[in-house]
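Have the sequence and the 3D view ready as you read.

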Amino acid sequence: MTAADVEEKKEAAERRAEQSKEYVSPAPIGGPIGKIAGWFDSRLGLSYPFLRDAPAYSVNPFYWLGALTVVAFVIQGVTGIMMMLYYIPTPTEAYSSTQFIFQSVSYGRFLETVHLYTAYAMIALAFMHMMRGYFVSVYKKPREMMWVIGMGMGFVTLLFGFTGYLLPWTVVSKSATDVGVGMMSALPEPFSSILTFLTVGANGDTGTLLRFYDLHVVVLPAVLLLLLVLKMYMLEAHGISEPARGLENTPEKKKKLIPIFPDVTFYLVELAALFGAAMLLISAVFPLNLPPEYTPQLAATYVAQPDWYFLWIYQLIKIQAFETAGLPVALGFITVIFLILTFLPFIDRSKEKSIGKRKIFVTLGAIFVAEVVTLSVWGELTPGRIIPTEQGVLVLGGIALLVALGSVLMYKLIYRMTFGRKGQISVPAAAPPARAIPEKARPISQSASLWTAGSFAVVLGLSTFCLGSAINSLTSLVLLGPTGSIMGSLTLAFAGLGVSVLMICYLIYRLELNSGMLKQRIRLFEIGWKRSQ
C-alpha cells in the first residue's frame, strides 16, 4: 500500500468521523417564514443530515452554476411537456403544429420563447460551469469521476440543443441541422457511424425527425437524469470543493457549515427565482418570431449555418485549409480537444489547485475561451464565407499569442506585487513611530489589486477581439476593395483597439501604484485612489 493510499484512507476515515458526530438541529428562523419552515421540517425531516451541510464560502452564485443549469433543465421540461400536447413530429405537420402553438394556443408564443431562451441559458451555464471548474481545479483527486460525469452531462446538453433545434421544421432549423449532420459524417470513426446511426437512420426526413424527437423528449432526459443522480451521489460523498486558494488561507468564518435546510435551500430558491424571473422578462421583451417553413427551394436561397453553440466549430472548418479533404483533420482536432477536456483529471495529476501556481493550464484555458468566443462572433459576422488560410492563421494565432503574453504579464505583475522584485515576500521597511502610516491610510488591499488584474484580463480579451476584427477587415479591404461596411468595421476595430490599449496602460499603472515602485506619477490615472493624509 502506497503512502497516497494510506493518506486517502485517513481522509475517508476523517470524513466518516465528521459525519457520525451528533447532529444538532439548526436554530429556527423567526417570523412567519420561520414558522412555515419549521412546520415542513417537523413533518418531513428536512433538516436531518441526509444532505451535507454547505460551508459558508460556497454561498456564492459561481459555486451553484451547475444548480442553475438544473433549474434551466426543469424549466425546459415543464415548457416542453406543455408543447408536446400540440406538436406532431412528422415533416408534413411539424411546422403547422408549431405555428398552431404560436398563433392559437394561449401564451403559445411566449411558451416557445421561454423554451428556446432557457435552452440557450442552459448551454451557456453548462459552459461557464465547466470553465469555472477547470480554472479552480475541481477535477483534482478525489473528484476525477465527478468531472468525467459532468462532461458527459455537458455533451448531453449540447445534444439537447442539436436535436430540439430541428423540431419546428423551419428553413433555419432544418438547414442548420443538415450542416450538423454533414459535420457528424466527417467525424473520425467510430464517432461518425454511431452518431449518424442514432440520429439520421435510413428513412429520410420522416425517420430523422422522429429520431430527433424521441432523442429529445425520451432518451436524452433519461440519460441526463441518470448522470445527475450519479453526480449528486458523489457530491454528497466528497462534499463541495475547497476554494482554489486552499482551506488554510480561508477565514474561519467562511469555513463555518451552514445547514442545508433552511439556509442553503432558501438561498438556492432565491437564485432559481431570480434566474426564472430573468428568463421570463427576457422572453416577454424579446419574443420569438417563427421563420418560414422548410422547403428545398427556399433552403437553396438560405445561407445555412449551425446555431451559436456550434458556430465556433463550423467557423473553424470554414478555413480554406480544412475544406473538403482537410475536414476530417479539423473535426479530428476538435474531437481530441473534447477528449482532453473529458479526461483532464488523468492528464493534470498535480495536487496544486491555486490559480496563481498553475500558469500553463490557466493560460491554455484562457486561450481556449478566447478562441471559442472569437470563432463564434467571427462566424456570425461572416456567414457562408470561406476564410482564407492565412487570415485564419493570423486571427487565431494572433489571439492565442496575445492571450498567452497577457497571461504571462499578469502573472508577473501579481508575483511582483506579492513577492517584490527580489523574489521575497514584500514587507515595507519599518518607519519611525512619528511617521508611521496608520492601517487605514495604506494603499488599497491586495484583493483590490487582484480585482484590477481581473479587469486587466477582461480588457486584454477585448483587445484580442478588436485585433482579430481589424485583421479581418484589413484582409477584406485588400481582397474586396473599400466598401462602407468594411470601412465601418475597420474604424470600429481600430477605435476599440485604441481604447483597449489605453485601458491596459491605465490598469498596469494602477497595479504598479499599489506596489509603490513608480518613478513617475500620472495624477489623472489616480482618480478614485484614496489615501489618508
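## Helices α6 and α9

Helices α6 and α9 run roughly antiparallel to each other, a term for angles over 145 degrees. This is a predicted model, in which local features need pLDDT of at least 70, side-chain atom pairs count only at pLDDT 80 or more, and totals for chains, interfaces and linings use all residues. Residues are numbered from 1 along each chain as its sequence is written, and side-chain values use heavy atoms, leaving out hydrogens and water.

The axes of α6 (residues 144-166) and α9 (residues 204-238) cross at roughly 160° and come within 9 Å. Axes are lines fitted to C-alpha atoms, for helices over the stretch in contact, with angles from 0 to 180 degrees between N-to-C directions. Helices here are DSSP runs (H or I, at least four residues), numbered from the N terminus.

## Helices α5 and α11

Now for another pair: α5 (residues 108-135) and α11 (residues 260-285) have axes that come within 9 Å and cross at roughly 130°.

## Aromatic rings

How many aromatic pairs does the structure hold? There are 17 aromatic pairs, counted when ring centres of Phe, Tyr and Trp (its six-membered ring) lie within 6.5 Å. Tyr139 and Trp147 have ring centres 5.4 Å apart and planes at 65°, so this pair is edge-to-face (planes over 60 degrees apart). Both Tyr139 and Trp147 are buried, meaning under 20% relative accessible area with a 1.4 Å probe, protein chains only.

Ring pairs also link Tyr120, Phe162, Phe212, Trp308, Tyr309 and Phe310 into a cluster.

Definitions and conventions: Helix = DSSP H or I, 4+ residues; strand = E, 2+ residues; numbered from the N terminus. Parallel < 35°, antiparallel > 145°, perpendicular 65-115°, else oblique. Phe/Tyr/Trp six-rings, centres within 6.5 Å; stacked < 30°, edge-to-face > 60°. Buried < 20%, exposed > 50% of the residue type's maximum accessible area, 1.4 Å probe, protein only.
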